[in-house]
Amino acid sequence: MSDRLAVRKTFKLYLGGAFPRSESGRTYAVTDARGAFLANAAWASRKDARDAVVAARGAFAKWSGATAYNRGQVLYRVAEVMEGRHAQFCEEVAAGEGLSAGRARAVVDAAVDRWVWYAGWTDKLASVLGSANPVAGPFFGFSTPEPTGVVAVLAPQRSSLLGLVSVLAPVLAGGNTAVVVTSRERPLPAVTLGEVLATSDVPGGVVNLLTGDAGEIGPWLAEHDDVDAVDLTGAPPAQAMELERLAAGSIKRVLRPPAEEPDWSADPGLSRMTPFLETKTVWHPKGV
Amino acid sequence: MTHVLDPGTLAAGTRPGPGPGTAFDDVTRSDAALRAFLHGLPGVDQVGAEQRAATLGTRSIKTTAKAWAIDTAISMVDLTTLEGADTPGKVRSLAAKARRPDPTDPTAPAVAAVCVYGDLAGVAREALAGTGVHVAAVATAFPSGRASREVKLADVRDAVGNGADEIDMVIDRGAFLAGRYLEVFEEVVAVKEACGGAHLKVILETGELVTYDNARRASWLAMLAGADFVKTSTGKISPAATLPVCLVMLEAVRDFRAATGRQVGVKPAGGIRTTKDAIKHLVLVNETVGADWLSPDRFRLGASSLLNDLLLQRQKLRTGHYSGPDHVSVD
């Protein structure tokens, strides 16, 4: 038995490309599926959420201005780097969600594949969702999808990795930047995902991961004037309607929570990308 | 570090007089006397000053105190635009913002002044007529101060003639660092005279003076020469206004009042971008020199982007939710 001291990890937030502790100084204990202590995670406060929105807004111009092709490459790179951490993700998912080793591996595989799937979509969205419109006049009218802006995402509470990737990747693929409140009980895979994002060419601020309580931070994000859309997937069911009401104050796009947390392994389709895309239509005069 | 200078030790044999300069006529009589005086000022404890400023920066200001601090800070802002690309139109829009910083909320106070280059002072004066918002103009070959004295004085007269009632001059840092203190002193005196009735703010450009000792000496030199305000920086050099350097200058104006009875203002400028920074400065003022300085006549914040952050925080306090940059005017 070695008498080497254990090097324990501090689980922090991922905010503006850096890994700060919560501004509030708070932490909370995270347990595995059987209730045994796993780690202390940072417990994000409303001020962390405010800082995250500032970071996301700052990063929006560069990320939305990047070519769709480049965004696809970056998202594919996330999958590559995640693959290198496969074992770590398996361990965290198995502990947090109480899955067998084999089942956890399948979940991580699916999460990596989901990045690849959305990476492929970035430069196809305009062709699939955009159109050349038939117009009754001497104009050429065409429509293209544009990112909505800063999207606040309340990530699923149960599926801590596959669910998280399934709600985050579609937001990024469209060119939005994201402020994500992770699963409260199972935040550890999200912290590791933050480390993956930090090392895979995703510009700082494009993704901000706050570990903590969606019920506490959600209202501040829903009400925030500088957030353009909210995804309420992981909101406490009793609070969802109130969050939607708060979001109406600044006319946000709202993606309502499903009645039941869905099976994330199913084919996602376009349903999670289109709510965070705006259609821009241009009328161009036709020369003779 | 927080030692108050005893007037008796400052100018041996002289009593504090009622007006500027009278207690210190001796020390400005020759270059040697001025050097002896400035180098005789107690040295600044660098570690102590930085620690004191950092400690005061941790004060938590919340709710009603924060609301008061935000409104006070807004009323102290010198809304500044000092770009080569400035136009009369930009100055006019800045003036409109100065009189009514938040168009959605008439209870937001007006700022203290608009700070522009001298040639645009006339535009600012016209746009601000009858509002009580001052027009400050930078002069004396701002920001470098590298011009002959005639040119600098002409620059000042021109700005005053255009309608500026506050002049922000830069000192000749080259001369100061070379130890030609009397030359700097005489220049400030000459500029003060050229200002006529306009208030004179003397920019020390502490980022180029390097040490806190130099900041203290330059503050004293400027005050002896008749400055109405001492100002940290041009905003063109980094580091600009830092909390410790502001602390050193506040101590200098406090000691100067104790010695002469004349109250000189302080203006940190450059690098103050957030409400938190502004509130830290207000705490520093209150704890160092007291409430006498907590007014736009004695303390200013030179800034451009700060005002929008103050307004965002003000909106947050008013509405209860976070605001965004789309809800304040773009400069």
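Predicted model: local features only at pLDDT ≥ 70, side-chain atom pairs only at ≥ 80, totals over all residues.
Student: Before we start, how are the residues numbered?

Tutor: Local features here need pLDDT of at least 70 and side-chain atom pairs count only at pLDDT 80 or more, while totals for chains, interfaces and linings use all residues. Chains are lettered from A and ligands numbered from 1 in the order in which they are written, and residues along each chain, as its sequence is written, are numbered from 1.

Student: How many helices and strands does chain B have?

Tutor: Helices (H or I, at least four residues) and strands (E, at least two) are DSSP runs, numbered from the N terminus. Going by that, chain B has 14 helices and eight strands.

Student: What radius of gyration does chain B have?

Tutor: Take the radius over C-alpha atoms, with a globule rule of 2.2 Å times the number of residues to the power 0.38. For 331 residues, a compact globule would come out near 20 Å, and chain B agrees with that at 19 Å.

Student: What share of the residues of chain B count as buried?

Tutor: A residue is buried if 20 or more other C-beta atoms lie within 10 Å of its own, exposed if 12 or fewer, and partly exposed in between, with C-beta atoms placed from the backbone. Of the 331 residues of chain B, the buried share is 51%.

Student: Thr63(B) has a positive phi although it is not a glycine. Is Thr63(B) buried or exposed?

Tutor: Its phi is about 40 degrees, and Thr63(B) sits in helix α4 (residues 63–76) of chain B. Around Thr63(B) there are 8 other C-beta atoms within 10 Å, so Thr63(B) is exposed.

Student: And Glu205(B), buried or exposed?

Tutor: Glu205(B) also isn't a glycine, and has a positive phi of about 50 degrees. You'll find Glu205(B) in the loop between β5 (199–203) and α10 (206–209) of chain B. With 25 other C-beta atoms within 10 Å, Glu205(B) is buried.

Student: How do helix α3 and helix α12 of chain B cross?

Tutor: Axes are lines fitted to C-alpha atoms, for helices over the stretch in contact, and angles run from 0 to 180 degrees between N-to-C directions. The axes of α3 (residues 46–56) and α12 (residues 243–260) of chain B come within 8 Å and cross at roughly 105 degrees. Angles under 35 degrees count as roughly parallel, over 145 as roughly antiparallel, 65 to 115 as roughly perpendicular and the rest as oblique. That makes α3(B) and α12(B) roughly perpendicular.

Student: Where is Pro143(B)?

Tutor: The peptide bond from Phe142(B) to Pro143(B) is cis, with omega near 0 degrees. Pro143(B) belongs to the loop between β3 (134–139) and α7 (149–161) of chain B.

Student: Where is Pro239(B)?

Tutor: Look for the cis peptide bond from Ser238(B) to Pro239(B), with omega near 0 degrees. Pro239(B) lies in the loop between β6 (229–231) and α12 of chain B.

Student: What is the bridge partner of Asn133(A) in β4(A)?

Tutor: β3(A) pairs with β4 (residues 139–147) of chain A in the antiparallel sense over three bridges. In β4(A), Asn133(A) has as its bridge partner Gly141(A).

Note on methods. Pairing = 2+ DSSP bridges.
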